[in-house]
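Hi everyone, thanks for coming. I'd like to walk you through one structure today, and I'll take it slowly.

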Amino acid sequence: MSVDDVGQDRLPSGSTIDLAIRIGFLGLLGYLSLRVITPFVTIALWSAVLAVALHPLFKWLTQYLRPRLSAALVTLLCLLIVVGPVTWLGLGMVSGIGFLVTELNTAQPAIPLPPESVKTWPLVGDRLHQLWSLAATNTKGALAEVAPLLKPVGGKLLDLAQSAFLGLLQLLVSIVIAGFLFPFGPQLANALSVIFGRALGLRGKELVQLAGSTVRNISRGVIGISLLQSLLAGAGFLAAGVPASSVFAFVTLMLGILQIGPAILFIPIVIWSWVTMEPTHALIFTAYMVPVGLIDNVLRPILMARGLATPMPVIMVGVIGGMIAYGIVGLFFGPVVLSVAWAVLAGWMHGGDAAEETTSQ
């Protein structure tokens, strides 16, 4: 065999070059497609989450109404649930800002003078007593003194408000898209089952059911409990005459969704009630706010783990980690990914039996 023959043998064949060109073209096509759909990924994920979470309601309505009418009613209900509280909170924030402006312009602000015992507090007693006295006697002067410290916070709050507005628009669009997905739920579930089955070698239908159950449990345990907690807290704030109660109710909702908990908000408000209210009224308000603040600790674990074989720590890691990595949509995306991963790992470790057991519950 000559040297030329050996060199020709080492050259790639025509079929190999064709395969490389096809793979490169598919990779380029996939990259360009990903760039095109990236702005819509969040909306698509929210639409899928809403369609899965609300599908039991849609299925129940189809027993009495046509599928299209049922989808329209569920969509309209979701829009009212979102737009209604947002409008209420917006009007409450406007009234709260108006109250603050009125208090700043009046000669007798509602902030009481600090007790003399505050001076005896270690480290911060004297400085806190000075600022508190200044706020009680000259609110504008106190604000002028702390304004340099609040300026960076104001910029972050504006950025947060902008993000919240864009997120609200995305949520409204997602609700409308989810309304079109309701009638095609079984077809989409079957398509995902085929993809899971071919990609993971497991029973794809059970994995899809596991993902759907996880989304519904998270929506009940996180969103539902946070909404219930904010409504109860808002009612307590209104009954107690807390200024800007709507704003505090909205903050309660956000703290619950972000898994921080409303205790950091409730404790200062309860302390304020003991300073400004009659002891009996403050005691009643405190007795009401304590169980409201503990609702999430009692009901959330029960609802999130209900009907799932995935361990609760795995779900909580998915909730917190997903939200840190992907924002609010990660609240659902993270637990779904870890739940499916847990089922796949269990199937791999036990030869598939554990996976079927995990996904069938």
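Predicted model: local features only at pLDDT ≥ 70, side-chain atom pairs only at ≥ 80, totals over all residues.

**A helix, a patch and some rings**

V337 sits in helix α13.

So what is V337 part of? Together with L34, V36, I37, V41, L45, V317, Y326, F333 and L338, V337 forms a nonpolar patch on the surface, and the accessible area of the patch is about 850 Å² in total. Which elements give two or more residues to this patch? Those are α2 (14-37), α3 (41-61), α12 and α13 (330-349).

Now let's look at α12. This helix has 15 residues, 312-326, and at 1.5 Å a residue it should span 21 Å. The C-alpha atoms at its ends are 21 Å apart, so the model agrees with the expectation.

Which residues of α12 are buried? They are V314, I315, G318, V319, G322 and M323. These residues cover an arc of only 150° around the axis, which means they are on the same side of α12. You've met V317 already, as one of the patch residues. After α12 comes G327, with a positive phi, near 85°.

Last topic: aromatic rings. To describe a pair, you give the distance of the centres and the angle of the planes. The count here is five aromatic pairs. One of them is W60 with Y64: the ring centres are 5.4 Å apart and the planes are at 65°, so this pair is edge-to-face. W60 is partly exposed, at 45% relative accessibility, while Y64 counts as exposed, at 58%.

For F237 and F248, the centres are 6.1 Å apart and the planes are at 75°, so that pair is edge-to-face. Where do these two sit? F237 is in helix α8 (residues 204-240) and F248 is in helix α9 (residues 245-257), eleven residues apart, and the pair links distant parts of the chain. Is F237 buried or exposed? F237 is buried, with a relative accessible area of 0%, whereas F248 is partly exposed, with 25%. Ring pairs also join F237 and F248 with F266 and F285 in a cluster.

Methods. Residues numbered from 1 in each chain as written. Heavy atoms only, no water. Helix = DSSP H or I, 4+ residues; strand = E, 2+ residues; numbered from the N terminus. Expected span 1.5 Å × (residues − 1). Buried < 20%, exposed > 50% of the residue type's maximum accessible area, 1.4 Å probe, protein only. Arc of directions from axis to C-beta. Patch = residues over 30% accessible without salt bridge, like charges linked within 9 Å, V, L, I, M, F, W, Y side chains within 5 Å. Areas by Shrake-Rupley, 256 points an atom, 1.4 Å probe, with all protein chains shown as cover. Salt bridge = Lys/Arg side-chain N within 4 Å of Asp/Glu carboxyl O. Phe/Tyr/Trp six-rings, centres within 6.5 Å; stacked < 30°, edge-to-face > 60°.
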